[in-house]
Amino acid sequence: MSPVPDVRTGAPEVSVVICVYTEDRWGDILAAVASVRDQSYPALETLLVVDHNPALLRRLAKTYGDDGAGAEEGAQRVRVLANAGPRGLSAGRNTGVAAAAGEVIAFLDDDAVAERDWLLHFAEGYADPRVMAVGGRTQPVWASRRRPAWFPEEFDWVVGCSYRGLPPGRVAVRNVLGGNASFRRSGLEAVGGFASGIGRDGQRLPLGGEETELCIRLTRALPDAVLLIDDRSVIHHRVPPARERFRYFRTRAYAEGLSKALVARSVGTREGLASERRYTTRVLPAGVARGLRDALLGRPGGAGRAGAIVAGVAAAAGGYALGTLRARGGASSFAVAKLEAPTDDEVADGRWAPDGPSGAPVGRRAPDGASACEGAGG
């Protein structure tokens, strides 16, 4: 096993944020927390941010201690918080960042478990002070126990996992993937956190793109910033039966097109679509060729994989076209809030509202709230 960095010698303290929203994932949530507690490089704390679900909030608070500090003597601290902003993953993450005490904040999906050295490899990346984010590798755990024969590895991002085409090893990238990622606190504070209005909110299409927009904004604000992916930081992400079906595949690809239109509107098409150009002109054609070759050789699923790639590209292109039209008409917008946790006085006298207005993802201070960053799209 790799040696564990000693925080006294400069390795960062890491807070882990897990955003949760439904009791249907109760067992997954407990497993995610247990995997954080079992890290070879211990987390400073685990923050469970509950997205507007009072029953789940109460149940988790009871499980981990009513004060959110951990029910067992000597147990790694677990804090249970309500999402302090509008419904959605971006606001939940911002709530966790604002409340976290660590120098580095790591994010883990609520239906994933981390391997034992997950945080160790994240922490090693921050030895370079220029590094502002480190992401990892996410492997799918299929409900059917095996990958559907038609499902191309090039589209594993559809189910929230690392996909064929990502560079191996520890390498610099444009953006990390949000379900298995970490950020230096100072970088997040410099840009204001995740934008509300991009990504999932539990009600609409399965959108994404919030981490891409944040990472581009981060490197614009801090030109010397380095963002890494280290494929040794591994998590295992559960894929439920509904997400193994072609209908979800097509819907998620379409929603990604909508999201990319919103990101491109915010940061420009050159940066917003730089990685996507290589992916669509090199990675996907090679995937189609492999699928057709497998079909000619009589291997199962080859034609299906080639067809799924073509269908996924078409769905994403359709979503992007519609999102671009909406952008031109100013159909929607998003906002970036300041990452500020409430003081004790603000909580006591009611100046901190846990259900802040749209565009104030981490709660609101009267009278000023979020700084707007306008965009349009899905």
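In H4, the residues Trp118, Leu119, Leu120, His121, Phe122, Ala123 and Gly125 are buried, where buried means under 20% relative accessible area, exposed over 50% and partly exposed in between, with a 1.4 Å probe and protein chains only. Because seven of the eight residues of helix H4 (residues 118-125) are buried, this helix is largely enclosed by the rest of the structure. Helices (H or I, at least four residues) and strands (E, at least two) are DSSP runs numbered from the N terminus.

The model is predicted, so that local features need pLDDT of at least 70 and side-chain atom pairs count only at pLDDT 80 or more, while totals for chains, interfaces and linings use all residues. Residues are numbered from 1 along each chain as its sequence is written, and side-chain values use heavy atoms, with hydrogens and water left out.

## Nonpolar cores

A nonpolar core is a set of buried Ala, Val, Leu, Ile, Met, Phe, Trp, Tyr and Cys residues joined through side-chain atoms within 4.5 Å. The largest such core has 35 residues, and those with the most contacts inside it are Val16, Ile18, Leu48, Leu60, Leu108, Trp118 and Leu119. A second, separate core of 24 residues includes Cys19, Val176, Ala181 and Cys215. Cys19 counts as buried because its relative accessibility is 16%, and Cys215 likewise counts as buried, at 0%. A search of the whole structure finds zero disulfides, a disulfide being a pair of cysteine sulfur atoms within 2.5 Å.

Leu119 touches Val14, Val16, Gln39, Tyr41, Ala43 and Ala106, residues up to four places away in sequence not being counted; contact here means heavy atoms within 4.5 Å.

## Helix H2

In helix H2 (residues 54-64), the buried residues are Leu56, Leu60, Ala61 and Tyr64. Because they cover an arc of only 130° around the axis, they lie on the same side of H2, the arc being that of the directions from the helix axis to the C-beta atoms. On the other side of H2, Pro54, Arg58 and Lys62 are exposed.

The buried residues of H2 pack against strand S1 (14-20), helix H1 (26-37), strand S2 (45-50) and strand S3 (78-82). Just after H2, Gly65 takes a positive phi of about 105°.

## Aromatic pairs and charges over rings

The structure holds 14 aromatic pairs, in which rings of Phe, Tyr and Trp (its six-membered ring) have centres within 6.5 Å, with planes under 30 degrees apart counted as stacked, over 60 as edge-to-face and the rest as tilted. The rings of Trp118 and Phe122 have their centres 5.3 Å apart and their planes at 55°, so this pair is tilted. Trp118 and Phe122 are separated by about one helical turn because they are four residues apart in helix H4; Trp118 is buried with a relative accessible area of 0%, and Phe122 is buried at 1%. The rings of Trp150 and Phe151 also form a tilted pair, since their centres are 5.1 Å apart and their planes at 40°. Trp150 counts as partly exposed at 22% relative accessibility, whereas Phe151, at 0%, counts as buried.

Ring pairs link Trp142, Trp150, Phe151, Phe155, Trp157, Tyr163, Phe246, Phe249 and Tyr279 into a cluster. Elsewhere, the charged end of Arg59 sits over the ring of Trp26, 3.8 Å from its centre, and Arg93 lies over the face of Phe194, at 5.1 Å from the ring centre. A charge sits over a ring if NZ of Lys or CZ of Arg is within 6 Å of the ring centre and within 35 degrees of the ring normal.
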